[in-house]
Amino acid sequence: MRKIMGAKVLFFFALLSFSAVSAFAQDEEDQGLVMNFYKDSCPQAEDIIKEQVKLLYKRHKNTAFSWLRNIFHDCAVQSCDASLLLDSTRRSLSEKETDRSFGLRNFRYIETIKEAVERECPGVVSCADILVLSAREGIVSLGGPYIPLKTGRRDGRRSRADVVEEYLPDHNETIYGVLDRFAAMGIDTPGVVALLGAHSVGRTHCVKLVHRLYPEVDPALSPDHVPHMLHKCPDQIPDPKAVQYVRNDRGTPMVLDNNYYRNILDNKGLLIVDHQLAYDKRTRPYVKKMAKSQDYFFKEFSRAITLLSENNPLTGSKGEIRKQCNLANKLH
């Protein structure tokens, strides 16, 4: 009888131990996003990405704008899962090829970074993390703040082209719509104002501007700025493939700074959303505050980028680690 009771007790404790180990293993398997996720599996990962971004930026300055746009266009559409990078297939259209993604380019450089990481740690670092970390380093290259970001994302297996317009605001959208879409991701009004400060760098294609110039000039535009815009966009129906664009900020076009806010308060914002941001009663106080303080702009920008980068990621056993960023593994 004692032997039977002893066996039952031992079995009970063994069962408890197994349950505890299983629970621990599950926690280990999906720890979500954490700082320095690759510290054991690929400790050099973040340094490799940083060095690659520096090298690529040195050769091609406009790569930094691309990396910054990537994080908006990927993470804002349901999940930060590198679905933006997937090529079209016979069954699905790529997010890269939708109207909302007009002007996105330099995806090949993400592949360059991925190849460098793969040489060091094959099959370990996701394209989603490379996309986010390259955006961070791009921000630094443009004179913006260094933003500590968590890692541990995994890659999605399908494009989300069918819902891009549902999630990504358009340049002609009302400020109500823009605020609502970002609020769904947990980004508040000062965060949205700061994110749109990314319009401080890069350029806007004439395709997105001509409705403010033709057939009549939008009276909301600064008269001092109109001649330059007309010079850069002389055609009422510009060729989308032509190199016709206006720099977002003529003063400091290669620097992420708070000059954008001074520009839009002077009616020099290129897009409708820029003008609305400066004059809507909910956003104007933050525009004025960021125009006065670059530190405040950087603080809110860093907070908003962090929230964006953590939008509904795939972690643990969800998704996959792509071998090649433009193809799901089943197509590789």
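Buried residues are those under 20% relative accessible area. By this cut-off, Val-273, Asp-274, Leu-277 and Ala-278 of helix 11 are buried in the predicted model. Viewed down the axis of helix 11, these buried residues fall within an arc of 140 degrees, so they line one face of the helix. The cover over them includes helix 7, helix 8, helix 10 and helix 12.

Helix 12 can be described in the same terms. It spans residues 284-292, and its buried residues are Val-287, Met-290 and Ala-291. These fall within an arc of 105 degrees when seen down the axis of helix 12, so they too line one face of the helix. An α-helix has 3.6 residues a turn, so residues three or four places apart point the same way. The buried residues of helix 12 pack against helix 8 (189-195), helix 10 (259-265), helix 11 (272-279) and helix 13 (294-309).

The chain as a whole contains 13 helices and 2 strands. Its C-alpha trace spans about 100 × 40 × 35 Å along the principal axes. Of the 332 residues in the chain, 51% are buried. Contacts between residues at least 6 apart in sequence were also examined; 75% of them join residues at least 24 apart. An unreviewed UniProt entry annotates residues 32-329 as "domain: Plant heme peroxidase family profile". In the model, the end C-alpha atoms of that span lie 22 Å apart. The span is 42% helix and 2% strand.

In soluble globular proteins, nonpolar side chains tend to be buried together. Here, the largest nonpolar core has 87 residues. Ile-71, Tyr-261 and Phe-301 have the most contacts inside it. Helix 5 (residues 127-141) gives the most to this core, with 8 residues. Phe-301 touches Leu-68, Ile-139, Pro-145, Ile-147, Ala-194, Leu-195, Ala-198 and Leu-256, with residues up to four places away in sequence not counted.

Glu-118 was considered separately. This residue belongs to helix 4 (residues 107-120). Its relative accessible area is 17%, under the 20% cut-off, so Glu-118 counts as buried. Beyond its neighbours within four places in sequence, Glu-118 contacts Gly-123, Val-124, Val-125 and Lys-323.

The largest pocket has a volume of about 1300 Å³. Helix 3 (63-75), helix 7 (175-183), strand 1 (203-205) and strand 2 (245-247) are the elements that give two or more residues to its lining. Helix 3 gives the most, with 6 residues. The lining comprises 46 residues, of which Arg-69, His-73, Phe-102, Leu-104 and Arg-203 lie nearest the pocket centre.

The count of cavities of 30 Å³ or more is 1. About 80 Å³ of space lies in the largest cavity. Its lining is formed by His-199, Thr-204, Asn-248, Tyr-260, Asn-263, Ile-264, Lys-268, Gly-269, Leu-270, Leu-271 and Asp-274. Helix 10 gives the most to this lining, with 3 residues.

Key
Residues numbered from 1 in each chain as written. Predicted model: local features only at pLDDT ≥ 70, side-chain atom pairs only at ≥ 80, totals over all residues. Heavy atoms only, no water. Core = buried A, V, L, I, M, F, W, Y, C linked by side-chain atoms within 4.5 Å. Buried < 20%, exposed > 50% of the residue type's maximum accessible area, 1.4 Å probe, protein only. Helix = DSSP H or I, 4+ residues; strand = E, 2+ residues; numbered from the N terminus. Contact = heavy atoms within 4.5 Å. Arc of directions from axis to C-beta. UniProt positions renumbered as here; feature names shortened; annotations may be inferred. 1 Å grid on protein atoms, 1.4 Å probe; cavity = no way out; pocket = protein on both sides within 12 Å on 5 of 7 lines; lining within 4 Å. Points joined across faces, edges and corners; volume = space filled by probe spheres on them.
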